[in-house]
Amino acid sequence: METVGTRPRAGQETRPAGRLTRRQAVGSLVGEAEGSPLKRTMGVAQLTLLSVGATLGTGIFVVLGQAVPEAGPAIVVSFVLAGVTALFSALSYAELAGMIPGSGSSYSYAYATLGEFVAWVCGWCLILEYGVSVAAVAVGWGQYVNELLDLTLGVTLPESLSAPPGLGGTLNIPAALIVVLAMVVLLRGAKESAVANTIMVAVKIAALVMFCAVAFTAFHAGNFQPLFPLGAAGMSAGAASLFFSYIGFDAASTAGEEAKNPQRDLPRAIILSLVLVTALYVLVAVAALGAMPWTKFEGTEATLSQMLVHAVGGGNVWPILLSIGAVVATTSVVLTVQYGQIRILFAMARDGLVPPLFAKVHPRTGVPRANTVIVSGFIAVLAALVPLGSLADATSIGTLFAFMLVNLAVVILRRRSPEASRSFRVPLSPVTPLLGVGFCAYMLFSLGADTWIAFGVWMAVGLVVYGLYGIRHSKLNQLDRLDQPPQDFPIVMSSRSRDGR
């Protein structure tokens, strides 16, 4: 048995300023994860595919048509920049996920290092990041459904029922529908959701490989001249928008309490999925830009499918197959990211920062049922009413902010808890995590003023919620109010948790 840490002592940090900086002990977080009511059903393959499912497809199938006009052919470099930025953060995630294998992801990491207030800010960012991401992908799903109907039946859904207000519609019904369908799958249990995701990941990888094979038949190297028509600023702006696509490995880290051997498997899954996804993103971007000039991407929906129709030719067979793959791909992203959102709220509710209803687990399915229904309903409304572009940029800013905190958490925990068990260690720390902070900050300031304003409003609402509810109901606050004599609670990690036996 190995002592990992100690639980905070009751009666400590009762002053107002102290309340904001009080921390969860690493050992306490590990103990909560080991005693979780969630069912441990996922191995490294399922965790990797969960991460790929949450990542692969969004930036290619949904956002590419909006990002290319920002960067031009340099969008290929934008994908590389976003991937490198994500890699620095993924290494930090891998270390912390193996060290603190809970459902809270970067929220829990911030709670153990930077204190309750920063953890709340991080959790509030994650709610924005996950919820808005699902809504954005759901909007893209509706676009590909429309494209598929047009290619196969020659009909499309009425704009009033397939576009949000402000873009000619009233409600985006398809976008809301896919969120509800994902909710139905999630309510059945994590194991069943993982099986469905595995099938969908296989389909979308096949669809993207098929796209590349077809698009390269119409490849023109001249489409990449000039490579930077909009300058380095355009390339950076494209990368910032595309960072929306790299939420996947964060979603994998939320499965810590449903992984069979989280200390070993989570770091592997995070790194493997990021390498696979970045390679596919760059390959598809090269194929797409080579087949169609970047100036023709402006205003396109269901971009890859339309590109096969107009740039490649050969009838509707390839666009139909790609549209089917895109519908499956975006379904997988909706399912897995929605899963992550629910687990984040589960962890926050267990800590008392949001109502306990979000932590209540159904005894048969092992699923936080009320949490799943409430979150899915909120996201469905968001997807039905808000345009894609606004959703994607809002997701990017929340993702980048959370990743900065994760990189900082690695540096702090290396100094504060050097003896804690780590199944993976970030190489060249603290240089690597600090580079991650720098890259994230660079891309944050590449986002537009409107996105920053929306983020500021969201954070202001979060501060109100924390002041009225979170700080009063925090689990650590309840310990303070007990006024018990100081006592230590060693939290141990069993050998089964470390090696899976």
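**Entry 1**

The model I am reading is a predicted one.

The crossing of α8 past α10 is right-handed.

I then listed the residues that make this contact. From α8 they are V134, A138, V139, W141 and G142, and from α10 they are P174, A175, I178 and V179. Sorted by class, the α8 and α10 contact holds 8 nonpolar residues, 1 polar residue and no charged residues.

**Entry 2. The protein as a whole**

I next took the overall counts. The protein has 22 helices and 2 strands. Of its 501 residues, 59% are buried. I put the accessible surface at about 18300 Å², with 66% of that surface belonging to carbon and sulfur atoms.

**Entry 3. Helices α3 and α16**

I turned to α3 (residues 44–55) and α16 (residues 317–350), whose axes cross at roughly 115° and come within 7 Å. The two helices are therefore roughly perpendicular to each other. In this pair, α3 passes α16 in a left-handed crossing.

On the α3 side I found L50, G53 and A54, which meet S332, V333, T336, V337 and Y339 of α16. These residues divide into 5 nonpolar and 3 polar, with no charged residue.

**Entry 4. I344, within α16**

I stayed with α16 and looked up I344, which is found in that helix. I344 has a relative accessible area of 0% and is therefore buried.

Which residues does I344 touch, once those up to four places away in sequence are set aside? I recorded S103, G104, S105, L126, Y130 and T254. I also checked S106, which is 238 residues from I344 in sequence; their C-alpha atoms are 9.1 Å apart.

I followed the chain to D351, which lies in the loop between α16 and α17 (369–385). Is D351 buried or exposed? Its relative accessibility is 2%, so D351 counts as buried; the cut-off for that term is under 20%.

Neighbours within four places in sequence left aside, I found D351 in contact with Q24, E32, Y107, Y111, H473, S474 and K475.

**Entry 5. Helices α5 and α12**

I then examined α5 (residues 64–71) against α12 (residues 231–242). They pack at an angle of about 160°, and their axes are 7 Å apart. The two helices are therefore roughly antiparallel to each other, and α5 passes α12 in a right-handed crossing.

The contact is made by A67, E70 and A71 of α5, together with G234, M235, A237, G238, S241 and L242 of α12. By class I recorded 5 nonpolar, 3 polar and 1 charged.

I asked how many of the 8 residues of α5 are buried. The count is 6, so α5 is largely enclosed by the rest of the structure. The buried residues are L64, G65, A67, V68, P69 and A71. Two of these names, A67 and A71, also stand in the contact with α12.

P73 is found in the loop between α5 and α6 (75–99). P73 is buried, as its relative accessible area is 0%.

Not counting residues up to four places away in sequence, P73 touches N223, F224, P226, L227, P229, L289 and W294. I also looked up the separation of P73 from G290, a residue 217 places away along the chain, and their C-alpha atoms are 8.9 Å apart.

Key. Residues are numbered from 1 along each chain as its sequence is written. This is a predicted model: local features need pLDDT of at least 70, side-chain atom pairs count only at pLDDT 80 or more; totals for chains, interfaces and linings use all residues. Side-chain values use heavy atoms; hydrogens and water are left out. Axes are lines fitted to C-alpha atoms, for helices over the stretch in contact, and angles run from 0 to 180 degrees between N-to-C directions. Helices (H or I, at least four residues) and strands (E, at least two) are DSSP runs, numbered from the N terminus. Angles under 35 degrees count as roughly parallel, over 145 as roughly antiparallel, 65 to 115 as roughly perpendicular and the rest as oblique. A crossing is left-handed if the near helix is turned anticlockwise from the far one by less than a right angle, and right-handed if clockwise. Contact means heavy atoms within 4.5 Å. Ala, Val, Leu, Ile, Met, Phe, Trp, Tyr, Cys and Pro count as nonpolar, Asp, Glu, Lys and Arg as charged, and the others, Gly among them, as polar. Buried means under 20% relative accessible area, exposed over 50%, partly exposed in between (1.4 Å probe, protein chains only). Accessible areas come from the Shrake-Rupley method with a 1.4 Å probe; for residues, only the protein chains shown count as cover.
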